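Subject: Structure handover

Hello,

Here is the structure we talked about. Please have it open as you read; my notes follow below.

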Amino acid sequence: MAETTALAEPSVRSLRLRLGERLAEGTLGAVAACVLAFLYLPIATLVIFSFNDNRSLTLPLRGFTWRWYEELFANDQLLQAIWNSCYVALSATALTLLIGLPAAFVLHRVRFPGKAAFRRVILLPLALPGIITGISMLNLFKLLGVNLSLETVIIGHATALIAVVVTQVYARLERLSRNIEEASADLGARPWQTFLLVTLPNIRSAVIGSALLSFTLSFDEIPVTFFLTGRDNTLPMYIWSTMRRGITPEINAVGTLIVLFSTALIVLSVLLLRERR
Amino acid sequence: MTARAPIRPLRAAILSLPLLWTLAFLIVPYLIIFTISFYTRKYPTHLPDFQFGNYLAIFQDPQYYQVLWRTAKIAIVVALLATLVSYPLAYFLVFKVRSVRLRAALYMLVIVPLWVSYLLRAYTWKTILGSEGILNSFLMTLGLLDGPSPLFLYNQFAMVVTLTYIFVPFMVMPIYTALEKIPRNLLEASGDLGVGPLRSFFAVTLPLSMPGVIAGVTFTFCLTFGDFVAPLLVGGPDGQMIANVIASQFGATLNWPLGSALSIVMLLVVLAVLSLSSRLDRSGRVELA
Amino acid sequence: MSNIVEIGGLRKTFAGGVVAVQDVTLAVREGEFITLLGPSGCGKTTILRLIAGFERPDRGRIALAGTDVTDLPPYRRQVNMVFQDYALFPHMTVAQNVGYGLRVSGVPREEIGLSVEAALASVSLSDKAQRRPHELSGGQRQRVALARALVRKPKVLLLDEPLSALDANLRAAMQVELKHLHERLGLTFIMVTHDQTEALVMSDRVVVMRAGRIEQDGRPAELYDRPRTLYVAQFLGTSNLLRGRVASTAGGRATIDCGGQRLSATVDGVALAVGEAVTLCIRPEKTVLAANGAASAEHNRLEGRLRETLFHGSTARLMVDVGQPDAFAVDVQLQDTTSAVVLPKSGDVVTLAVHPRNVAIFPAEAVA
């Protein structure tokens with residue numbers, strides 16, 4: 001009997017402890033759920049109101065309509081802005097890869113004086129507010145007498161986004177075993193063959209991932225675009241200028257389309273990047 | 001070890017492209033604004049000069065130093081709030097979600113908003129907090145408010161909410177990564193030694209996840225510090241931030257030298273925060289080693 | 001016989017001033033299986049990498065089949081390497097891996113197919129052609145790496161610690177397999193290892209390296225039986241070291257006083273002064289228990305107290321306290337009837353016997 005009580009006593013204590021743990025876990029779960037809700041409620045609002053048959057964005061909901069989407073597709077300015085954004089984002093992404101890939105290789109493979117400084121400068125736009133990149137390049141273009149246009153925006157975006165490509169590709173190169181490249185050279189492959197047949201396929205996920213991210217960020221960019229664009233508007237600039245005038249349901253419709261498009265991009269990237277394990 | 005490879009012209013050209021680009025579009029432009037920041041304004045342009053008047057103005061004219069201070073305050077509050085919101089979520093995902101697939105899916109769910117337009121995410125708060133907005137109409141239906149309240153939008157509160165919302169995914173990412181790196185057996189060892197879960201957390205988990213927290217705070221602070229979209233969308237008259245002041249110097253006010261000086265100050269603040277964070281991070285790592 | 005690889009005055013320094021290889025000269029004969037043996041950091045892998053062309057020497061030349069290749073990049077050298085972790089291309093199938101070396105040289109597709117088939121058949125992996133490296137076991141990856149290197153028909157096959165990633169049983173099997181492969185192909189093999197057993201079992205010649213230099217170079221038995229330095233003696237097999245002083249020398253024999261016990265040793269060529277401090281080196285298996293009756297009058301007698309007996313299966317190792325810092329190990333063969341050998345018990349006083357020609361004598365340098 002004495003033994004059982006000796007055993008039973010701590011079990012009551014541990015029960016209480018486990019209860020406390022359960023409670024803490026429950027609270028933590030609730031907090032996590034709230035944060036996730038916090039992240040998604042605004043996006044949900046955007047989507048829901050894009051179908052709400054009411055020009056002002058107030059509750060209660062008034063019923064389903066496609067009207068805002070119809071208005072959207074009848075808006076030439078908006079369509080032009082979408083087209084401009086696609087042009088800018090595609091060109092900027094291509095340019096970013098063209099510069100970012102060699103930059104990642106230089107940082108990973110080549111030793112040269114001033115390398116640490118080069119690394120710092122090229123990665124700076126990652127943490128540096130876009131406005132500084134925008135303003136400093138605006139100054140450069142003014143000094144050179146270059147007219148502002150979508151092309152100057154492309155250069156600005158590419159410069160700001162190189163850091164994205166460099167960090168992702170560099171991290172992949174770090175994990176890439178150097179000896180498969182040596183094995184390739186050993187087996188008679190020229191450096192360009194090694195690059196195309198061995199290196200590139202193995203850093204593919206980082207290249208695709210950073211390209212998709214660059215595209216999205218460029219498509220959505222405001223601060224650099226604000227300073228570097230001429231008369232042409234990109235989509236976010238157009239949305240922004242209408243938005244400052246007031247809230248309209250068309251913006252919700254565009255927003256919903258963008259959410260849809262972003263989701264498609266994410267799904268695409270997940271499919272493309274699924275690692276063959 | 002890198003073998004000394006013979007330098008071929010094509011290879012050299014490809015590899016020097018990023019160096020030249022960085023020089024032309026990052027270093028030179030920074031040097032230009034640095035130079036202009038010492039120029040004198042002569043409406044509507046400016047004259048080459050070397051004087052510290054622009055910098056003096058920033059630190060003497062309350063109009064500028066108050067905005068700077070306010071911007072810093074907002075950035076700090078946003079960084080702290082985002083940490084408070086993100087840490088429990090990251091912790092929950094790493095330690096409490098046992099299924100690997102579910103964890104990956106939930107993590108993905110946190111990251112997805114990053115891919116959705118920044119502008120739209122800021123804009124939704126305008127629709128939520130506005131006097132004709134969802135929050136107001138919701139509170140009115142509940143009977144908590146008699147009429148629409150203008151208190152939610154166009155002030156610092158609205159900005160803090162909006163910016164925190166935007167940077168939460170940014171914050172979750174590094175904290176999640178840091179927590180994931182903590183070896184489980186370390187926590188088991190701590191539990192095995194009779195240390196309670198709460199003390200284990202403060203003695204083991206929290207210190208080991210600090211690099212992630214530092215990275216998140218650094219990014220959030222720097223990006224908030226230079227934000228100029230949220231203030232214009234949801235900030236009111238007292239919600240102007242330094243980036244808006246800079247933008248107006250290059251826009252309506254046409255005072256490029258002052259705008260440049262302000263940009264340089266912003267650049268220096270960001271650089272200071274970055275180097276402070278990398279120093280903290282390094283000293284933290286040494287302690288852990 | 002002609003030399004397929006000739007290395008002269010090779011020196012390689014790495015960043016930070018670490019001298020990996022200093023002044024190494026070595027000739028490898030065609031068809032030889034040669035092993036560079038030494039602890040990690042002795043420069044053996046660097047030599048292999050210099051031959052392959054991944055590193056360039058600071059000084060010295062490397063010739064391959066009579067042609068100077070010192071300044072040629074790896075892809076212009078007719079040598080192929082089996083990497084320590086195999087370095088298989090993870091994004092290619094086994095067949096693509098093996099065919100890679102032919103593909104980049106522009107060999108026609110059909111020809112590649114045939115060569116790959118033959119190469120895979122020779123390492124018995126024909127059924128795994130369409131697998132990816134991560135789907136294979138360690139031993140299978142090893143074979144793919146071999147097939148991939150051999151399909152190029154190199155003049156020399158370089159093997160960098162080829163067996164170190166395998167478990168003990170597989171390693172023993174692969175040692176024999178590689179040895180047979182070498183005999184079958186008649187190709188020159190240069191292997192790097194830190195495993196002395198591997199070196200002794202597989203190679204025609206072993207080069208023992210120490211701190212970037214060649215310490216001794218010879219056939220396995222030669223190195224084992226007549227190590228030129230204490231370092232080699234210690235690195236290959238187990239050695240008992242006895243410290244002592246030269247008591248007398250006469251007629252190719254020296255008598256050494258080791259803490260009161262006198263041992264005589266055969267001296268070849270080394271001049272010893274009376275009173276000089278020396279270290280004696282005696283192999284455990286060259287020592288017998290005097291009580292078992294195998295010792296002649298010529299044998300040295302060494303007295304000690306048995307500390308413990310370690311059972312090894314076919315042998316037992318007796319650890320005997322002979323008044324030296326370390327216990328003296330003696331290996332006793334255990335015949336089919338264990339009773340035939342009478343093993344002493346711990347604490348017993350035993351007499352060991354060892355022939356003077358099995359006592360190697362070295363100047364008393366600091367024991368590594």
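Is C:Glu298 buried, partly exposed or exposed? C:Glu298 is partly exposed, at a relative accessible area of 41%. (Buried is under 20% relative accessible area, exposed is over 50%, and partly exposed is in between, with a 1.4 Å probe and protein chains only.)

Some ground rules. This is a predicted model, where local features need pLDDT of at least 70 and side-chain atom pairs count only at pLDDT 80 or more, while totals for chains, interfaces and linings use all residues. Residues are numbered from 1 along each chain as its sequence is written, chains are lettered from A and ligands numbered from 1 in the order in which they are written, and side-chain values use heavy atoms, with hydrogens and water left out.

Salt bridges

Over all chains there are 20 salt bridges. (The rule: a side-chain nitrogen of Lys or Arg within 4 Å of a carboxyl oxygen of Asp or Glu.) C:Glu298 forms one with C:Arg253, with the closest N and O atoms 2.7 Å apart. This pair links distant parts of the chain, 45 residues apart: C:Glu298 is in the loop between strand E15 (287-289) and strand E16 (300-311), and C:Arg253 is in strand E12 (residues 253-258). (Helices, H or I of at least four residues, and strands, E of at least two, are DSSP runs numbered from the N terminus.) C:Arg253 is partly exposed, at 29%.

C:Arg49 and C:Glu55 also meet in a salt bridge, 3.1 Å from N to O. C:Arg49 is buried at 16%. C:Glu55 is buried at 3%. A network of salt bridges links C:Arg29, C:Glu32, C:Arg205 and C:Asp217.

Chains A and B

In this pairing, 78 residues of chain A are in contact with 73 residues of chain B. (Contact means heavy atoms within 4.5 Å.) The two chains bury about 7000 Å² between them, 81% of it on carbon and sulfur atoms. (Buried area is the accessible area, 1.4 Å probe, that two parts lose on being put together, summed over both.) H1(A) gives the largest share of chain A's side, 16 residues. The count of salt bridges between chain A and chain B is 0.

Aromatic rings

The count is 39 aromatic pairs over all chains. (Rings of Phe, Tyr and Trp, the last by its six-membered ring, pair if their centres lie within 6.5 Å; planes under 30 degrees apart are stacked, over 60 edge-to-face, the rest tilted.) A:Phe38 and B:Tyr165 are edge-to-face, because their centres are 5.4 Å apart and their planes stand at 85°. A:Phe38 lies in helix H1 (residues 2-49) of chain A and B:Tyr165 in helix H7 (residues 156-181) of chain B, so the pair joins two chains. A:Phe38 is partly exposed at 23%. B:Tyr165 is buried at 0%.

A:Phe215 and A:Phe219 are stacked, 5.9 Å centre to centre, with 25° between the planes. They are 4 residues apart in helix H8 (residues 191-219) of chain A, which means about one helical turn.

Backbone

Most residues other than glycine have a negative phi. C:Ala87 has a positive phi of about 50°. C:Ala87 is in the loop between strand E6 (79-82) and helix H2 (94-103) of chain C, and is buried at 3%.

Best wishes
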